[in-house]
Amino acid sequence: MIEIENVSFRHGKTPVLRDISLRIERGGLTALIGPNGAGKSTLFALMARLLPLQSGYIRFDGMDVGNAPSRDLARKLAILRQDTSTASRISVLDMVGFGRFPHHRGRPTPDDHAKVEVALETFELKAIADRFIDELSGGQRQRVLVAMAFAQDTDYLLLDEPLNNLDMHFARDLMRQLRSLSDDHGKTVVVVLHEINYAASHADRIIALKNGALAATASPQDFMTPETLSKIYDMEVAVRTIDGRKVALHHA
């Protein structure tokens, strides 16, 4: 379980998060959504210990993010940042292999190599394992980065806006793969998203922030109402049910 209790954060004198308290159960896919400036990426950074906590606490299965040894934390959660940069002349195989470093510390074992092979297979990367990162499309590079996080073999995966710069084809494929990580591999996935319809289609739970505060948390079925979406995004949003799924018609 992820426990977030009384977490607030300021940049200088500017409040970014205000008294956030949440519980996210193990298993499933949780989508963190909200308008620009809501505090989503800041909360992600605090959960991933990319920023220091200023108040409250965050725990993963009782492990306190604020004071856990880095090696122990890296074995509990894997992260994919929004601004991840990669060396251009590194192969797909080596990039995915970096996910095992918290375990082998530079001395990979047969088990480490096996975990990398599983990650390559899971994300359909074996055919391009020897290619360099700068030879790949944006969708392929993003898949490599998620595979690297998966190879870390942690209970929790945190991804900050992994759909950025992906077209419809690659965005849908990546969300399906994240769904599979939960369903088929037992991972607890928390993903920051901008597009509410991807959250509604693939998540078990949606958490919304607005102005640095918790605005709503519910299943997609309960979350996807005109009233909730209009309150969060300050605009009228029609919701329709298509093939049993609720869809927000916010584009026009």
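Reply: Two strands are said to pair if DSSP finds at least two bridges between them, and strands (E, at least two residues) and helices (H or I, at least four residues) are DSSP runs, numbered from the N terminus. This is a predicted model, in which local features need pLDDT of at least 70 and side-chain atom pairs count only at pLDDT 80 or more, while totals for chains, interfaces and linings use all residues. Residues are numbered from 1 along each chain as its sequence is written, and side-chain values use heavy atoms, with hydrogens and water left out.

Me: What makes strand S7 and strand S8 a pair?

Reply: Strand S7 (residues 156-160) and strand S8 (residues 188-192) are joined in the parallel sense over five bridges, and the definition asks for at least two, so they pair. Within this pairing, Tyr156 has Thr188 in S8 as its bridge partner, and Leu159 stands opposite Val191 in S8. S7 is also joined to S6, parallel to it, by four bridges, with Leu80 standing opposite Leu159 in S7.

Me: Which strands are called edge strands, and in what order does the sheet run?

Reply: The open sheet has six strands in the order S6-S7-S8-S3-S9-S10, with mixed pairing. Strand S6 (77-80) and strand S10 (213-218) are the edge strands, since each of them pairs on one side only. From one strand to the next the twist averages 15 degrees.

Me: Why is S7 described as largely enclosed?

Reply: Buried means under 20% relative accessible area, exposed means over 50%, and partly exposed lies in between (1.4 Å probe, protein chains only). Five of the five residues of S7 are buried, so the strand is largely enclosed by the rest of the structure. Tyr156, Leu158 and Asp160 point one way from S7, whereas Leu157 and Leu159 point the other way, and all are buried. In a regular strand the side chains alternate between the two faces of the sheet.

Me: How do you know that Gln142 is buried?

Reply: Its relative accessibility is 15%, and the cut-off is under 20%, so Gln142 counts as buried. Gln142 is found in helix H6 and, with contact meaning heavy atoms within 4.5 Å, touches Glu161, Pro162, Leu163, Leu166 and Leu174, not counting residues up to four places away in sequence.

Me: Why is the aromatic pair of Phe60 and Tyr156 called edge-to-face?

Reply: Rings of Phe, Tyr and Trp (its six-membered ring) pair if their centres lie within 6.5 Å, and planes under 30 degrees apart count as stacked, over 60 as edge-to-face and the rest as tilted. By this rule the count comes to two aromatic pairs. For Phe60 and Tyr156 the centres are 5.2 Å apart and the planes make 75 degrees, so the rings pair and the arrangement is edge-to-face. The pair links distant parts of the chain, with Phe60 in strand S4 (residues 57-60) and Tyr156 in strand S7, 96 residues apart. Phe60 and Tyr156 are both buried.

Note on methods:
Axes fitted to C-alpha atoms, helices over the stretch in contact; angles between N-to-C directions.
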